[in-house]
Amino acid sequence: MKRKNVVPVLVIATLFLTSSTAGAISIKAAGKQYMKDVASANAALKTFDSEINAWTNSTADAEGEQQAASVLTALGTLRKNLLSQTWPQFVKGGVRFICEEDISSLVEDLHMIGGNSSLGNGAFQLTFRADSKITASDAFYVRRDLGLSSSRAL
């Protein structure tokens, strides 16, 4: 009679194990997905960085806002993509932190462009670059944990 109890227990244990790993993703697949997700945001940030280098005291807020528009779109898409995917447990917290803290800081910076008295005075650039460095630092740990090369970008 004891053998009759073993089969249901094994079936239940197998179902539990299968359901708990159903959303698992391999490190290699997660790394590829991460690189795909961050590519357009990194390109937009690189372009924007060269644009803000050219800002002068006569650069209008409207021009700065226009240049920031593609970065805002790219960061919004990145946040949505990163938060909607399944990540290995050991990077899940890092990915969420990048989305909730780092990307949010960059977006907040970009929304502040219209409130500057002079885009060429360097204040925006200083703040944005400082937040970008923090973001890159946090992304470094996620990239490292996914077995990716280090970078000064997301």
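Residues here are called buried under 20% relative accessible area, exposed over 50% and partly exposed in between, with a 1.4 Å probe and protein chains only. The model is predicted, and local features need pLDDT of at least 70, side-chain atom pairs count only at pLDDT 80 or more, and totals for chains, interfaces and linings use all residues. Residues are numbered from 1 along each chain as its sequence is written, and side-chain values use heavy atoms, with hydrogens and water left out.

Rings of Phe, Tyr and Trp (its six-membered ring) pair if their centres lie within 6.5 Å, and planes under 30 degrees apart count as stacked, over 60 as edge-to-face and the rest as tilted. By this rule the count comes to 7 aromatic pairs. One of them joins F48 and W55 edge-to-face, at 5.9 Å centre to centre with 80° between the planes. Both F48 and W55 are buried, and together with F124 and F128 they form one aromatic cluster. F140 and Y141 also pair edge-to-face, with 5.1 Å centre to centre and 80° between the planes. F140 is partly exposed, at a relative accessible area of 31%, and Y141 is partly exposed as well, at 43%.

Helix numbering comes next: helices (H or I, at least four residues) and strands (E, at least two) are DSSP runs, numbered from the N terminus. Among the helices, α2 spans 27-53 and α5 spans 123-145.
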